[in-house]
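Subject: Structure handover

Hello,

Here is the structure for you to look at. My notes follow below it.

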Amino acid sequence: MQRRRLRVSSLSLMRWLLSCAIGAIALGALMAVHVFSFSTVRSLSDAFKFPEQCEIGCRRWGGELRWAQELAPPKLSKLPTSTQKLGGAKEVSQFKKLWKPPSRRDFVPCVEPTSSYLPRSESRGYLLVYANGGLNQMRAGICDMVAVARLINATLVVPRLDKNSFWQDSSNFSDVFDEEHFIHSLSSDVKIIKKLPKELKGTTKAIMQFRSWSGVEYYQDEISRLWDDYLVILAAKSDSRLANNKLPSDIQKLRCRAFYKALRFAPQIEALGKLLVERMRSYGPYIALHLRYEKDMLAFSGCTYGLSPAEADELARIRENISYWKVKDIDPQEQRTKGYCPLTPKEVGIFLSSLGYPSNTPVYVAAGEIYGGDSHMAELEARFPILMSKTQCGSSRAADCHPSVDHKYTIDQKQVNQGDEVLYHT
């Protein structure tokens with residue numbers, strides 16, 4: 001009996017020792033995996049190095065890939081918010097990162113032509129362009145048409161800006177852009193003239209809507225054939241007419257030269273822009289915010305989240321009555337789910353606060369009239385009271401560049417203003 005008890009005791013002891021050993025092995029394996037993962041990331045970071053040369057693609061790789069940085073999410077919770085004080089040096093450093101210019105990631109400007117770029121060829125005819133869309137769409141479209149004129153050996157007539165769009169803007173090219181600079185800065189690439197010669201005004205034109213996102217072959221093979229029968233080609237639209245990818249390097253660079261160098265704003269607009277920047281900087285670093293929350297944007301996209309039924313109905317009527325907007329029946333919820341809708345002003349305020357920007361951050365609203373006006377801007381302004389626009393800061397008096405204080409909020413928005421977390425700075 002005593003021998004059996006000893007055997008049972010020994011067996012229990014062995015089982016206990018075996019369990020401990022298995023536990024130790026498992027713990028060791030977990031630690032090894034963790035250490036291996038961290039050391040692997042570091043070794044990969046050390047292993048992948050790139051040459052310092054910059055090829056025509058124009059990205060210079062200097063240094064190492066920061067795998068650990070790319071994999072680690074930003075710790076936004078540690079950034080100072082409007083209700084926190086910047087106490088320690090670490091918090092101050094993290095706060096300064098909010099205003100640090102983003103990394104260029106070793107990209108360099110790619111506008112200068114290559115050594116194989118040829119002088120412009122003799123013109124075969126004239127290209128008229130009716131730009132369409134908003135200002136940014138027209139700028140991009142004009143740059144496409146500069147490249148197209150080069151591809152089909154055309155003389156480009158200074159483009160006509162869209163005067164029939166939702167905005168009903170009557171501005172001419174020379175009202176917005178520096179026309180002389182545009183013509184002369186591209187003189188080595190494309191011949192540009194201000195107006196079509198008088199003797200050709202009554203001539204028959206080939207009116208074209210160039211196929212969207214077309215490559216070089218489409219223009220050189222199909223469109224160039226039109227010169228056999230016409231002296232003037234009229235491009236009825238300019239947006240998205242040229243592919244963004246797989247273009248010859250020099251054509252892509254020509255588009256960049258047109259966009260970043262040739263399309264300079266008219267002197268009076270440049271002067272006003274500098275004035276706005278100076279007045280905003282008098283408040284310190286500021287955020288320039290384009291909400292994309294104008295009436296036409298919401299009507300075109302069918303985005304109605306956060307709007308009243310009456311506002312949603314108004315947008316639907318606008319969309320129905322504009323003939324050149326092809327899509328009429330839009331599911332607002334589906335649009336938002338797919339990410340096709342802008343954030344509401346309220347959501348933008350929450351987003352900026354979550355990034356760590358304090359409530360005394362000046363915000364310049366760079367957009368047209370916000371749909372719904374004060375009723376939709378109230379909650380953004382409650383979070384960021386120093387909210388200004390070109391209407392205020394573009395005044396002839398610098399003293400007029402200050403936040404509005406006479407907004408009339410509804411009852412719901414007043415409740416937001418009284419929240420404990422809302423901090424005002426006037």
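Buried means under 20% relative accessible area, exposed over 50%, and partly exposed in between (1.4 Å probe, protein chains only). Helices (H or I, at least four residues) and strands (E, at least two) are DSSP runs, numbered from the N terminus.

This is a predicted model: local features need pLDDT of at least 70, side-chain atom pairs count only at pLDDT 80 or more, and totals for chains, interfaces and linings use all residues. Residues are numbered from 1 along each chain as its sequence is written, and side-chain values use heavy atoms, with hydrogens and water left out.

Start with strand β1, residues 125-129. Four of its five residues are buried. Strands pair if DSSP finds at least two bridges between them. β1 runs parallel to strand β2 (residues 154-157), with three bridges between them. Gly-125 has Ala-154 of β2 as its bridge partner. Four bridges link β1 to strand β5 (residues 232-235), also in parallel. There, Val-129 stands opposite Ala-235.

β1, helix α4 (residues 135-151) and β2 form a right-handed β-α-β unit. Right-handed means that, with the strands pointing away from the viewer, the path from the first strand over the helix to the second runs clockwise.

Now Arg-255. This residue sits in helix α8 (residues 249-262). Is Arg-255 buried or exposed? Arg-255 is buried, because its relative accessible area is 13%. Beyond its neighbours within four places in sequence, Arg-255 has contacts (heavy atoms within 4.5 Å) that include Cys-143, Asp-144 and Leu-242.

Best wishes
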